[in-house]
Amino acid sequence: MSGSQHGQYRIHWQGELLVVKYIGAWNEVAVRNLHREARALWQQHGGARWGMLSDLREWEGATPEALVNRPGYRGGQLV
């Protein structure tokens with residue numbers, strides 16, 4: 001993975017709900033950056049129950065690598 005991020009996101013807590021807005025066309029760098037930031041937020045939230053809302057209204061899609069090689073998956077399979 002090299003290069004710069006394509007695509008943007010906004011992420012924040014709204015009570016017990018983690019709200020993520022996806023913007024533009026994504027590459028693998030954007031996926032990994034979002035996952036890193038989201039994981040830090042999950043850990044800060046502690047063991048409390050929470051949910052996640054994804055807003056995809058401004059998302060334009062992603063490269064195949066971003067969809068298949070995302071964190072937590074190997075070869076399209078959850079690990």
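The exercises below, each with a worked solution, concern the predicted model shown above.

Residues are numbered from 1 along each chain as its sequence is written, and side-chain values use heavy atoms, with hydrogens and water left out. As this is a predicted model, local features need pLDDT of at least 70 and side-chain atom pairs count only at pLDDT 80 or more, whereas totals for chains, interfaces and linings use all residues.

**Exercise 1. Identify the residues of the largest nonpolar core and state which element gives the most to this core.**

Step 1. A nonpolar core is a set of buried Ala, Val, Leu, Ile, Met, Phe, Trp, Tyr and Cys residues joined through side-chain atoms within 4.5 Å, where buried means under 20% relative accessible area, exposed means over 50%, and partly exposed lies in between (1.4 Å probe, protein chains only).

Step 2. The largest such core has 12 residues in all, namely Y9, I11, L18, V20, Y22, W26, A30, V31, L34, A38, L41 and A66.

Step 3. At least two residues of this core come from each of β1 (8-14), β2 and α1 (28-44), and α1 gives the most, with 5 residues. Helices (H or I, at least four residues) and strands (E, at least two) are DSSP runs, numbered from the N terminus.

Step 4. In soluble globular proteins, nonpolar side chains tend to be buried together.

**Exercise 2. Find the salt bridges and say how exposed each partner is.**

Step 1. A salt bridge is a side-chain nitrogen of Lys or Arg within 4 Å of a carboxyl oxygen of Asp or Glu, and a search of the whole structure finds 3 of them.

Step 2. K21 and E58 meet through their side chains at 2.8 Å, N to O. This pair links distant parts of the chain, with K21 in strand β2 and E58 in strand β3, 37 residues apart. K21 is partly exposed at 22%, and E58 is partly exposed at 40% relative accessibility.

Step 3. E28 and R32 meet at 3.0 Å, N to O; being 4 residues apart in helix α1, they are separated by about one helical turn. E28 counts as buried at 17%, while R32 counts as partly exposed at 28%.

Step 4. In the pair of R57 and D55, the closest N and O atoms are 2.6 Å apart. R57 is exposed, at 73% relative accessibility, whereas D55 is buried, at 14%.

**Exercise 3. Locate the nonpolar patch on the surface.**

Step 1. Patches are made of residues with over 30% relative accessible area and no salt bridge, like charges being joined within 9 Å and nonpolar side chains (Val, Leu, Ile, Met, Phe, Trp, Tyr) within 5 Å.

Step 2. L56, W59, L67 and V68 form the nonpolar patch, with about 330 Å² of accessible area together; accessible areas come from the Shrake-Rupley method with a 1.4 Å probe, and for residues only the protein chains shown count as cover.

Step 3. The elements giving two or more residues to the patch are β3 (51-62) and α2 (64-68). V68, which lies in helix α2, counts as partly exposed at 37% relative accessibility.
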